[in-house]
Amino acid sequence: MISGQSARATRLAAALLGLPLALWSLPSQALEFNFTFVDGTPDAAKTAFINAGQIWSDRLFDRVTVKLQVGTAALGGNILGQSSSFDVWDSYASFRPQLTADRLGANDQKAVATLASGLSFPMLINRTLDSDKGTGSATPYLDNDGGFNNSVVSMTAANAKALGYDLSILPSYSGLDGSITFSNSYSWDYDRSDGIGTGLYDFTGMAAHEMGHALGFISGVDILDWYSQPIQGGPYTENNLSYVYSLDLFRYSLSSYEARAIDWTADTRDKYFSIDGGTTSLGLFSTGSIYGDLQQASHWKDSRYLGIMDPTAASGEMLSISTLDLTAFDVIGWDLAPRPVPAPLPILGALSALAWSRKLRQRIRQASTWQATTPG
């Protein structure tokens, strides 16, 4: 859920920074997690967080370390857990070559091959101040003008690390990639070895779910959905809605497929995950907690049992990572199999160094959380 406490949907990022291509100066292990536990976190919860991290480490082999602050607290409503992350963004013109260089398997090859070429990507959008369908209209329209909102790509810090970005040059980056908080008002099962007990919730599975958001399972449609509300100052112009995340580049609808564009709208029409330009649907996404299907767009469609990134969890249910989950992480830059570390690139002179530069900006997503909730 996107909290209404943050500033308007304007760019929160700081100044433009030059970012050299990272030369794989990364930890010697595969994906690792560095947890900072909030005071008062039960020992059983600490163990479960570590076990959840191992679930991802067993499946993702990028040589990066993701630092998360984790703990328990009182949360409102039916909220089981929530997460937030430090986010960055890069120009699409720089992001696409970075994703191209990260290709490893067949899905990577297919996904990158169908991305828009050039400096920007076409998108269906709605609910904007400058919609040609009328101010704030829910009717989708094609935005392919090369403006700011369709020429930059957002990433979580962890996702950016998987793609080889060096975040240490960002002044406000403390090294903390995100935070996860679980409700202390629910009864949790911390040990999955004998299944999940009746009336208990799978703490390890929920922890893995929230880690999935930190790793990059994010849709900026949640920003559009929330801030389109008049009570939040909406609607906003297209270029104030520059929150297309890496996963959104594979978000389609039948309408956007016909328009040869991604679908970045908040409404109830089906949106699906596709890695071949929208030709094939691999699974449905949720469409928005306000104007969509009442579930945050940063999840799979509810009640389809598509994977660990479903938006809800029931008591007694053991959550597990699916092939569909892994495909999504694969195409946004995570590696599903080990590969050797490339040798450092030779310095080819100022012209070559300039050609490999990256323009990375920082974005702090304030009071913006993705939550997993109980059904109902």
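Strand S2 (residues 32-37) and strand S3 (residues 65-73) run parallel, and six bridges join them. Two strands count as paired if DSSP finds at least two bridges between them. Strands here are DSSP runs of E with at least two residues, helices are runs of H or I with at least four, and both are numbered from the N terminus. Asn-34 stands opposite Lys-67 in S3. From S2 the chain goes through helix H1 (residues 43-57) to S3, and this β-α-β crossover is left-handed. Right-handed would mean that, with the strands pointing away from the viewer, the path from the first strand over the helix to the second runs clockwise.

A word on the source. This is a predicted model, where local features need pLDDT of at least 70 and side-chain atom pairs count only at pLDDT 80 or more, while totals for chains, interfaces and linings use all residues. Residues are numbered from 1 along each chain as its sequence is written, and side-chain values use heavy atoms, with hydrogens and water left out.

Back to S3. With strand S8 (residues 178-183), S3 pairs in the parallel sense over six bridges. Gly-71 has Thr-181 in S8 as its bridge partner.

S8 also brings us to the aromatic rings. Phe-182 in strand S8 and Phe-203 in helix H5 are 21 residues apart, so to speak distant parts of the chain that the ring pair links. Their ring centres are 4.6 Å apart and their planes at 40°, so the pair is tilted. Rings of Phe, Tyr and Trp (its six-membered ring) pair if their centres lie within 6.5 Å; planes under 30 degrees apart are stacked, over 60 edge-to-face, and the rest tilted. Both Phe-182 and Phe-203 are buried, meaning under 20% relative accessible area, with exposed over 50% and partly exposed in between (1.4 Å probe, protein chains only). One aromatic cluster includes these two along with Phe-33, Phe-35 and Phe-37.

Next, the core. What is the size of the largest nonpolar core, in residues? It has 88 residues, and those with the most contacts inside it are Trp-56, Met-211, Phe-273 and Trp-334. Such a core is a set of buried Ala, Val, Leu, Ile, Met, Phe, Trp, Tyr and Cys residues joined through side-chain atoms within 4.5 Å. Leaving aside neighbours within four places in sequence, Trp-56 is in contact (heavy atoms within 4.5 Å) with residues including Leu-31, Phe-33, Met-211 and Phe-329.

Last, strand S13 (residues 271-273) pairs with S14 in the antiparallel sense over three bridges. There, Lys-271 stands opposite Phe-285 in S14.
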